[in-house]
Amino acid sequence: MDIKWHSKSKQYHLYNDKISYIMCITPLGDLGNIYFGKRVHDKADMSYVVNRFGLPNVALDPDTESYSQELNRQEYPCFGATDFGTQAYEIETDNGSKVSSFTYLKHRIFKGKKEIKGLPATYASDDEAMTLEVTLEDDLTKVTMILSYTIFEKYPVIARHVTFSNKGTAQVKLTRALSMCLDLADQKYEWMQFSGAWARERIPVVKELSAGSVSIESKRGISSANQNPFVIIKRPETNDFSGEAIGMSLVYSGNFIAKGECDTFGRLRLLMGIHPDRFTWPLKKGESFDTPEVVIARTDEGLNELSQTYHKLFNNNLVRGKWKNTPRPILLNNWEATFMDFDEERILEIAQKAKEAGVELFVLDDGWFGERNDDFAGLGDWVENPKKLPDGIRGLARKINALGMKFGFWIEPEMVNPDSNLYRRHPEWALKTPGRKSSLGRHQMVLDYSRREVVDYIYKALKKVMTNASVSYIKWDMNRSLTEVYSAKIPPEEQGMVYHKYIMGVYRLYEWLRADFPDILFESCSSGGNRFDAGMLYYAPQAWCSDNTDAIDRIRIQYGTSYGYPISSIGAHVSAVPNQQTGRSTSIETRANVAYFGTFGYELDLNHISSEEFEVVKKQILFMKKYRELFQFGTFYRLRSPFEEDQAAWMVVSEDRKKAIFALYCLRSNVNQLPGFLKLAGLLPDEKYILKGEEYYGDELMNMGVTLGRLNPNGMTIGQDFVSYVEVLEVK
């Protein structure tokens with residue numbers, strides 16, 4: 001790992017064992033891209049890549065008439081001079097102009113990585129990474145931008161963000177400030193996005209790139225279940241086990257855009273960052289603005305390796321605190337068992353049975369506070385309801401602890417019901433547009449977290465409940481998109497700041513509560529998967545993957561999620577049947593076989609299952625306790641896609657590759673077919689593994705595969721609809 005500066009050619013080379021990222025100071029004085037790809041030898045001058053000629057109908061630099069931004073790859077382009085592609089940033093001056101010209105001022109190379117104030121980001125020690133900061137200045141406005149690039153020792157990753165600072169005397173307005181632009185030499189790629197909606201999140205969608213643009217976005221105030229802020233571009237022949245691909249993950253939880261633009265000269269421009277729609281950020285003299293970080297990863301060994309890069313990087317250099325790389329407790333949540341209709345006696349009855357099964361953590365869901373008996377009222381009033389909890393959260397936690405379990409509870413601190421004491425006292429604390437109707441989602445409004453006093457109030461209310469109570473877990477929910485986004489406190493010219501200030505307020509509350517309660521495990525839950533993004537992992541190391549707990553749907557949802565997010569971040573539970581979302585019934589074995597590959601738990605009342613099933617649950621919990629570290633932090637491989645076949649399969653492999661667990665799921669049974677084989681991955685080829693009491697070489701299992709008839713010897717196919725198998729492999 002190193003960062004080279006070649007002063008004569010004015011070129012930078014960032015490299016480690018796997019990748020090279022090469023840039024130059026262009027004839028215009030801005031920053032241009034030379035190469036991003038597989039590691040190449042360092043060379044003092046690669047200026048032969050720069051095109052110094054004109055073409056018909058191309059605007060040229062007036063000083064040389066031999067250089068055009070349109071014909072060269074840019075690092076952070078602005079529209080309006082000689083680049084006509086989508087711009088990465090836009091600054092409006094007091095005369096209305098939006099043309100800028102930033103030129104090289106200085107650079108700095110240092111070991112490690114700096115924090116981004118108020119924003120989540122990857123982190124690294126001096127031994128783990130190096131950072132390049134290139135400072136450019138607009139001579140007319142005296143605004144500077146710092147383009148930051150971090151390269152990691154162990155990962156084929158570049159982390160990027162930008163800092164704007166107004167060093168001039170006049171105010172300017174940022175009207176677009178994306179986190180990155182990456183210009184590539186060709187456009188022979190496919191675009192892979194992860195789309196969906198509530199209860200069907202992060203479904204892979206692949207599109208061929210051709211002349212024109214493709215993009216995804218969220219303008220909901222949240223990263224959203226509809227489009228995830230993670231994109232892959234890959235060669236058409238790339239699959240999970242071979243081929244080139246580049247991933248872009250935005251470490252941010254609010255409005256975003258990701259765009260791929262194919263120009264008519266055969267190149268591809270990639271952009272990602274805060275959505276510019278309804279974004280304006282005034283910069284007065286001395287003020288600065290930081291964009292969120294984008295983590296760019298590359299592979300030439302297939303999508304599994306790309307995913308493994310993100311899994312390891314996020315677990316090691318994004319997740320923080322006590323729960324970093326720590327196996328998660330097995331929990332039971334009462335939501336699908338009781339909804340809001342409970343009292344302490346009912347909760348303790350459920351908890352007692354959970355303890356008998358071996359559950360380690362009991363989680364109390366919605367309905368414990370205020371006049372919260374349904375979702376019409378009480379949200380925002382963070383005071384225990386004495387009719388339900390006569391001794392409050394503190395007393396219930398003490399009783400749960402006495403049973404031998406840890407305790408956690410649900411909150412939705414960003415929301416307020418109109419029918420609540422908080423809203424009656426402070427209606428101006430909700431986001432709403434003057435003179436307009438206010439939309440409701442789940443009968444609630446959104447609190448204005450762009451206002452410091454609102455965040456302060458919620459923080460103090462929650463801290464009062466949590467202090468001196470034995471709380472080990474917080475489930476942080478957020479059940480609607482933002483509408484009528486207007487803050488009553490700020491002037492009209494600052495309303496374009498509200499979306500970003502809102503999510504900064506969310507991050508601030510997370511940071512305060514984490515500082516006060518460092519041992520608590522936070523799980524983010526935004527209507528299930530509405531805010532499943534890298535930004536949230538900085539504060540909450542796991543997220544409720546989806547409100548859809550149906551095992552068969554969860555195979556697809558968790559499969560798609562695995563492309564960009566660690567298995568340890570995926571909240572996955574066994575729920576009751578018929579399933580509340582789909583009405584489908586699956587065996588308790590299959591429900592667990594899916595949920596094992598995540599942060600395992602139960603969403604049901606164990607008092608309401610048969611004695612035979614209860615014995616199965618006890619065995620499942622023992623199995624998960626034995627192997628949870630492997631499930632949650634092993635190297636994950638996708639083996640068979642539920643979007644392409646009637647079966648799905650995946651596996652995890654230990655770091656030393658001597659132990660593995662694979663799962664096979666039958667989504668739809670077929671008749672009159674041979675059982676076939678499932679090829680495994682990641683094993684030691686020369687070692688013998690024990691599978692179902694028999695010995696197999698690793699290369700045998702990877703190249704020939706496991707015969708599916710071995711899993712189900714009673715039939716010629718692997719089984720009936722929704723049958724599943726989880727098998728452990730260990731070196732002899």
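User: Which residue does the side chain of D186 meet in a salt bridge?

Analyst: The partner of D186 is R235, and their side chains meet in a salt bridge with an N to O distance of 2.6 Å. The two residues belong to distant parts of the chain, 49 residues apart: D186 is in the loop between β10 and β11 (190–197), and R235 is in the loop between β14 (230–234) and β15 (245–251). The term salt bridge denotes a side-chain nitrogen of Lys or Arg within 4 Å of a carboxyl oxygen of Asp or Glu. Helices (H or I, at least four residues) and strands (E, at least two) are DSSP runs numbered from the N terminus. The model is predicted, so local features need pLDDT of at least 70 and side-chain atom pairs count only at pLDDT 80 or more, while totals for chains, interfaces and linings use all residues. Residues are numbered from 1 along each chain as its sequence is written, and side-chain values use heavy atoms, with hydrogens and water left out.

User: How is burial read, and is R235 buried or exposed?

Analyst: Buried means under 20% relative accessible area, exposed means over 50%, and partly exposed lies in between (1.4 Å probe, protein chains only). R235 has 15% relative accessibility and therefore counts as buried. D186 is partly exposed, with a relative accessible area of 21%.

User: Which residues are linked with this pair in a network of salt bridges?

Analyst: The network of salt bridges links D186 and R235 with K38, E244, R298 and D300. For the structure as a whole, the count comes to 49 salt bridges.

User: Which parts of the chain does the pair of E305 and K18 tie together?

Analyst: E305 and K18 form a salt bridge through their side chains, at 3.5 Å from N to O. E305 lies in helix α1 (residues 303–317) and K18 in the loop between β2 (11–15) and β3 (19–25), so the pair joins parts that are 287 residues apart in sequence. E305 is buried at a relative accessible area of 14%, whereas K18, at 40%, is partly exposed.

User: What is the partner of E727 in its salt bridge?

Analyst: The partner is K692, and the closest N and O atoms are 3.5 Å apart. Because E727 belongs to strand β38 (residues 724–731) and K692 to the loop between β35 (688–691) and β36 (694–697), this pair ties together parts 35 residues apart in sequence. E727 counts as buried at 13% relative accessibility, and K692 is partly exposed at 37%.

User: What is a surface patch, and which residues gather in the patch of negative charge?

Analyst: Patches are made of residues with over 30% relative accessible area and no salt bridge; like charges are joined within 9 Å, and nonpolar side chains (Val, Leu, Ile, Met, Phe, Trp, Tyr) within 5 Å. Lys and Arg count as positive and Asp and Glu as negative, while His and the chain ends are not counted. The place of a charge is taken as NZ of Lys, CZ of Arg, CG of Asp or CD of Glu. Here, D17, D126, D127, E128 and E153 gather in a negative patch on the surface. D126 is in the loop between β6 (102–111) and β7 (129–138), and its relative accessible area of 47% makes it partly exposed.

User: Which residues form the nonpolar patch?

Analyst: F53, L55 and F265 form it on the surface, with about 260 Å² of accessible area together. Accessible areas come from the Shrake-Rupley method with a 1.4 Å probe, and for residues only the protein chains shown count as cover. F265 lies in the loop between β16 (256–262) and β17 (268–274) and is partly exposed, with a relative accessible area of 39%.

User: How many residues of helix α9 are buried?

Analyst: In α9 (residues 551–561), 10 of the 11 residues are buried, and the helix is mostly covered. Among the buried residues are A551, I555 and Y559.
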